[in-house]
Amino acid sequence: MSWLHNLKTFVAFAVGSILLIFLSCDIFDSNKNELLPLEGRFLVCAIDAEFPDSTVVYRKIKISIITEKTYPCANYDIRTKVSKHGNKITIGLLYITVPEICLTMLGPANTELFFNLTEGKYSLNFYANEVTDKYELSVSDTTLKITEIESRFTKQGSNCAVAVF
């Protein structure tokens, strides 16, 4: 056999092997994220979010939601569904997503939500697994306060300065 025939055979084998490896590996399919059920309690906190495009009319508010449970990767995410109608904000906690690439450090699952809010009182409701927790969010020009009304699976976090990756 000639060297050209051997080269063609090697290239065909290499291309076939690479295709087989890529097609059998789910790591390249972003639609196959693993979903985990919600477990345990969630810490909730609200702080001012500073953005360079801040306006005088609205305050940028960041609501952070963090699990008490620790996960094997620091970048697990809490998926949410958010609605805001007038002074009522509803945040549904849906599930935890496992990241495609793991930041190998223990940490909570988390999410950050941003709102433009004027001064006033807002009804802040969290729901998950057919349970609703209720809070009141008070926004003034100098203060930001969350008051618990009814809580079964969430609680106010004592430290909002948790690193989110």
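**Close-up views of a predicted model**

**View 1. The salt bridge between Lys62 and Glu112.** The side chains of Lys62 and Glu112 meet in a salt bridge, at 3.2 Å from N to O, where the term salt bridge stands for a side-chain nitrogen of Lys or Arg within 4 Å of a carboxyl oxygen of Asp or Glu. Because Lys62 belongs to strand E3 (residues 59-71) and Glu112 to strand E6 (residues 107-117), this pair ties together parts that are 50 residues apart in sequence. Helices (H or I, at least four residues) and strands (E, at least two) are DSSP runs, numbered from the N terminus. Lys62 is buried, with a relative accessible area of 15%, whereas Glu112 is partly exposed, at 27%; buried means under 20% relative accessible area, exposed over 50%, and partly exposed in between, with a 1.4 Å probe and protein chains only. The structure as a whole holds 6 salt bridges.

The model is predicted, so local features need pLDDT of at least 70 and side-chain atom pairs count only at pLDDT 80 or more, while totals for chains, interfaces and linings use all residues. Residues are numbered from 1 along each chain as its sequence is written, and side-chain values use heavy atoms, with hydrogens and water left out.

**View 2. The salt bridge between Glu136 and Lys121.** In this pair the closest N and O atoms are 3.8 Å apart. The pair links distant parts of the chain, with Glu136 in strand E8 (residues 131-139) and Lys121 in strand E7 (residues 120-128), 15 residues apart. Glu136 counts as partly exposed at 26% relative accessibility, and Lys121 is exposed, with a relative accessible area of 51%.

**View 3. The salt bridge between Glu150 and Arg152.** Here the closest N and O atoms lie 3.2 Å apart. Glu150 is partly exposed, with a relative accessible area of 32%, while Arg152 is exposed, at 52%.

**View 4. The largest nonpolar core and Leu124.** The largest nonpolar core has 29 residues, and those with the most contacts inside it are Ile63, Ile65, Ile91, Leu93, Leu124 and Phe126. Strand E2 (42-48), E3, strand E5 (88-97), E6, E7 and E8 each supply at least two residues of this core. A nonpolar core is a set of buried Ala, Val, Leu, Ile, Met, Phe, Trp, Tyr and Cys residues joined through side-chain atoms within 4.5 Å. Not counting residues up to four places away in sequence, Leu124 touches several residues, among them Ile63, Ile89, Ile91 and Ile146, where contact means heavy atoms within 4.5 Å.

View 5. Lys88 is partly exposed, with a relative accessible area of 43%. Leaving aside neighbours within four places in sequence, Lys88 is in contact with Ser83, Ser123 and Asn125. The C-alpha atoms of Lys88 and Glu136 are separated by 9.4 Å, although these residues are 48 apart along the chain.

**View 6. The pairing of strand E2 with E3 and with E10.** E2 and E3 pair in the antiparallel sense over 7 bridges, and Leu43 has Ile66 in E3 as its bridge partner. E2 also pairs with strand E10 (residues 154-156), in the parallel sense over 3 bridges, and there the bridge partner of Phe42 is Thr154. Two strands pair if DSSP finds at least two bridges between them.

**View 7. Thr118 in the loop between E6 and E7.** Thr118 is partly exposed, with a relative accessible area of 31%. The C-alpha atoms of Thr118 and Arg59, which are 59 residues apart along the chain, are separated by 6.2 Å.
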